[in-house]
Structure formats: C-alpha cells, structure tokens
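Thank you all for making the time this morning. I would like to walk through one structure with you, taking the sheets, then the helix packing, and then the contact between the chains.

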Amino acid sequence: MNDERPLHDKRILVVEDEFLVALDLSDIVERLGAAEVRTAGTLGEALAAADERFDGAFVDVQLRDEKSFPVIEKLRAAGVPLILTTGYDPGTLPAHVGDLPRIAKPFAPTELRRAVEDAFGR
Amino acid sequence: MTATTDLAAAIVQTMHQPVLVLDRDHAVVTANDAFLAHFQVTAAETMGKPLARLGNGQWDIRELRALLASLTGSEQSVRDYRVEHAFESLGRRSMLINARLLRQDSRSRVLLSIADVTMQEERESELVAQREFSDKLIDSVREALVVMDRDLRVTRVNETFRTAFGVGNAETVGRRIFELGNGQWNIAPLKKALAEVLPKEHSFDDYEVVHTFPGIGRRVMMLNARRLDHMPRILLAIRDETERRKHADSQKLMVGELQHRVKNILANVQAVASGTVRRSASLEAFERVFLQRLQSLARAQDLLTRQADGTASLRELVARELSAHGWEEDGRLALCGPPVVLSRRETQPVAMMLHELATNAVKYGAFARPGGHLTVSWERAADDPAWLEMEWSETGLDGITAPTTKGYGTQMIEGAARQMLSGETAVHFRPQGMLYRVRFPLELEAPGGRS
C-alpha cells in the first residue's frame, strides 16, 4: 500500500448532503489518490449510486431529513469498505453500524488518514 | 280591671324586645326590663316621665312625635315605623317601632315596641357589600372561574369562563359541571381531581388537563381548586395555557432550526477554509480568497434575512455579487431577465457560483482587461417554465483559451450547479470571452403561476 496515497486508483462514493462539505471531502479523497469520486446528496441518489461498484465509501449518517442506514446496509452487503461521517453531535449510533470506522466533522487530517487506513489498509 | 292591667304589665315584662307603655300625655306608664337594659336607663329615671324628657330629652325625637301624633281615632296602629336617631350614650341607632293605641273606658294607652335593628342592618349592608365585592372580584379575574356547591353543581361562572368556552349563564348555572355543554366537561382527570382529590386535600394547584372540546378544539388548561371551609362552595379556576404552550413549542422548534442552520453554516465555513487552504500557495493568498468566499456567503445570508419569508431576488443577488467586485450596471455590465425569486436553499449555491465566476473574471476574464464586457441574463426555459436558464457571457476579449487544470473555484461552480441545484452546466471558452450556461429547476413558482 502506498503510504502517501492510501486510496490510490480507487473509485470512491461520498454521501453527504452539505455540498461544500462534500466538495471538501472529495478534494481530500482525490488527494489521497482516488481515481474517481462520486458524490450523492440524498438517500435516493446514494441508493441509486450504490448499484455501481465502488472500492470504498464515506457516508454521512444524517442526511437532510433522513438517516442513511439503508445505503450503509446496501454497501456493506456488497462488501464495500465504509467510513461513517458524523455531525458535531453524533449521539449514539445503533449497534448494527457501531463497529464501522467513523470520523466526526470537521475532519482533522490525521483522524481522517487513520480512518482510511482502518477501512482500506489491510 | 287591675287584674287585666297586671296581666298586661306582666306580658310586657316578659318580652325580649324593649316595650314602652305611655299614657295619653305620652308619659311612661311602664317600661319593661328589656327597654331599661337596652337603653341603659333605670326604672326611676323612666317611670312617670314624659317620653320627650327621658334621658335629658334624648327621646325627644321628631319622627317619634310625628308617629305618636298620627295615632288618632282613625289610625290606631303603625307597624315598622323606622326611626334613626343618635343617642348620647348609645350612638346612632336604627329602630323599627310598632305602635298601637289602646282605649279602655276613658283611659288611653300607647304601646310602643322598639326593635333595635342597627346591628342587623349593618350586617345586611355588609353582606350586600361582600356579595357585590365577590361578584366584582369573580368577574374581574382573568382566569375562568367556576363556583360550585358541594355536589359540583355550578352556582356561578365569570365573564372569562363564558367568553372562553362560549356559554351563557343559562347553560351553566344550576347544572353539574360534568353535564355542561352536553357533557363536554365530563373529563376523566377533572372528575378524579374534583371528586377524589378535593374532598381529601381541600385544594389542588396547577393540575394540567388537556381536552378537545367540540366547539373550541384542543385546549391545555391549568386548574386550581379550593374547597371553602365555612361555605358549601368549591372554587375552580381555569387558566387556558393553549396559546402560551403553542408559542413555547414554536419557539423551541425555531431554536432547533436555528441551531441546525448555525451548525450547517459552521460546517460549510470549515469546508471552504479547508478546501481553500489546500489550494493556497501562501497564507496571504489563503486569507484573500477565503475571506472573499466567506463574504460572499455572508452577502447571500444577508439578502435572505431581509425578506420575511427567507427568499431572495435573483437580480439583486447578481447585482450585489458583482458590485462587491467593483462592477455596477453600466456600459460594460448588463443584467437582463424577468423577476425571479430564489428559495433559501437555492440562494447560497447561486451566490457561490456567481462569486467564483466573478473572481475568475477579475483574474483572467472580462474584468481583467480593458474592453471586456459581461452580460448576465436569465429566463424561464421555453420547454419547461419550472426551469431557469442562466447565462454568463463575457465578450470583448481575444485569445481566451480553456484552462489546463480545474481550479477549486471551477469545482465549486460545477458542484453548486449540479449537486445543490440539481442542474446542468456547460462552459465554452470562446476566443472573445468565456460563456457559461446553467439551467436548474426552480423551487418557487413564478408569481403568475407556471402557465
């Protein structure tokens, strides 16, 4: 694995309803080596996107008025490595997603890198 | 004869009420003990004395003289003759006097029985005053008040109650509270409180009852009740909390919504800062670009808060964004398009797009060189008026070519149009200037509808 570019050549899905946050995360992901980044802002968009094959995904747990659990389940079932992103106040996550690596917004670079290594590194 | 007189005297003596027997000259023949005791005089001071001379002339009362004068042959008795008089020793007294003229042979006697009604009248007027006071009090209270007897039968309701619950006295007084308005008040928690709590506790306060009334809808009420000890009465005060609760609830919602927005704004500012810092060669460059982006976000926010409904005019948004870059509508800048109202959700990405386009124009395009010209135009799409088509057209330049790399600003423009506005974009780098087109579905309909 490339230490500087842990997402080298990967196709990544970013599920995030705040566009500027999605843009920032996409930019970070590209810098970590991703070949392609696809963004989805709603649960519907995310579920449709998840029909395609991705090498990894960043998923915001709370989309505008809905939880993203259905798309999390779908990606997991397809064996896609996942990183959950949570807001300032994540509360407690249900048990079925509690074991997934997660990062809190705003993203700190070291924390992000650790989560990426956690999800993709082995 | 004497026996009769003695009997009469004895009867007079036994009476509880002060009685005087006068002769034809109105001198006292007999004064009973009740008289002596009540008016605090002795028999010696009284017997045989003319009435007018009694107690240093205290009994020389004009009304009494008139009463005695009226007892003539034709008018032999007077009842409840009211005399008010201020006695030296006793003070002001009110008396009701019954007088009767008795004739026996040549003798005539006047029988006066005197009822001192001073205390009674005082009590009565006090009672009237108290009733009036309590009536006024009950009606002046802002809370709805119900006065009931021990059987929970309504004896009174106040004006507030009648108004609040839309009932009159006729529909309330004399009925049990649970029967009011076809059983509208047959509320289980109220029944429990009145029938079970009150007999034990004497009172309860701030007892909340939520009930939906057929006429006035759902009400949140706070009830206070008192069982009176010395009167068979129960007071029930009802405060209508419905509006206050509604207000508090909407306040809570608004605070929640505000908090949500503040968090979003913070997340966005953080994202812009983080994206900008990665693309900045120096701290100075970061500061300039970041602050400009922040100011653009702030301008859009400012425009939204001006309108009570949180919308913004597209023309104003365009004009303000360009004005912030030093461009006013004149020979080099033209804005044209019909009035279009943007929703809160649309305003921020449109402002961001305009900001990045203007920044590029200042750096490389129409605003960077003399002769540059910009036209921003928009209209509703001919094939679907729910969609807006917007064009940013720079002209008057030459040798413009497409940039080799996509900057963060360009990514923001595309992302804003596609992701936040669910729209489509197209960019053409013409030699005379760049042409940028965006179309997106509008959330708000045109003022005249969509036709």
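This is a predicted model: local features need pLDDT of at least 70, side-chain atom pairs count only at pLDDT 80 or more; totals for chains, interfaces and linings use all residues.

**Sheets, helices and the chain contact**

Let me begin with chain B, where five strands form an open sheet in the order 2-1-5-4-3, with antiparallel pairing. Strand 2 (28-31) and strand 3 (77-87) of chain B stand at the edges of this sheet, and each has a single partner strand, so one side of each is left without a neighbour in the sheet. From one strand to the next, the twist averages 25°.

Helix 5 (residues 62-70) of chain B lies across strand 3, strand 4 and strand 5 of chain B, and it runs at about 160° to strand 3 of chain B.

Turning to chain A, we again have an open sheet of five strands, here in the order 2-1-3-6-7 and with parallel pairing. Its edge strands are strand 2 (36-40) and strand 7 (102-104) of chain A, each of which pairs on one side only, and the twist averages 20° from one strand to the next.

Strand 1 (residues 11-15) of chain A pairs with strand 2 of chain A in the parallel sense over five bridges, with Arg11(A) opposite Glu36(A) in strand 2 of chain A.

Now to the helices of chain B. Helix 10 (residues 242-278) of chain B packs against helix 11 (residues 283-306) of chain B at an angle of about 150°, with their axes 10 Å apart; helix 10 of chain B and helix 11 of chain B are therefore roughly antiparallel to each other. Helix 10 of chain B contributes Val269(B), Val272(B), Ala273(B), Thr276(B) and Val277(B) to the contact, while helix 11 of chain B contributes Phe286(B), Val289(B), Phe290(B), Arg293(B) and Leu294(B). By class, the residues of this contact divide into eight nonpolar, one polar and one charged.

Helix 12 (residues 314-324) of chain B and helix 13 (residues 344-363) of chain B pack at an angle of about 35°, with their axes 10 Å apart, and their crossing is right-handed.

Finally, which helix of chain B gives the most to the side that touches chain A? The contact takes 17 residues from chain B and 14 residues from chain A, and on the side of chain B, helix 10 and helix 14 (408-420) each supply at least two residues. Helix 10 of chain B gives the most, with 10 residues. That side of chain B has seven nonpolar, eight polar and two charged residues.

Technical notes: Residues are numbered from 1 along each chain as its sequence is written. Chains are lettered from A and ligands numbered from 1 in the order in which they are written. Axes are lines fitted to C-alpha atoms, for helices over the stretch in contact, and angles run from 0 to 180 degrees between N-to-C directions. Helices (H or I, at least four residues) and strands (E, at least two) are DSSP runs, numbered from the N terminus. Angles under 35 degrees count as roughly parallel, over 145 as roughly antiparallel, 65 to 115 as roughly perpendicular and the rest as oblique. Two residues are in contact if their C-beta atoms, placed from the backbone, lie within 7 Å. Ala, Val, Leu, Ile, Met, Phe, Trp, Tyr, Cys and Pro count as nonpolar, Asp, Glu, Lys and Arg as charged, and the others, Gly among them, as polar. A crossing is left-handed if the near helix is turned anticlockwise from the far one by less than a right angle, and right-handed if clockwise. Two strands pair if DSSP finds at least two bridges between them.
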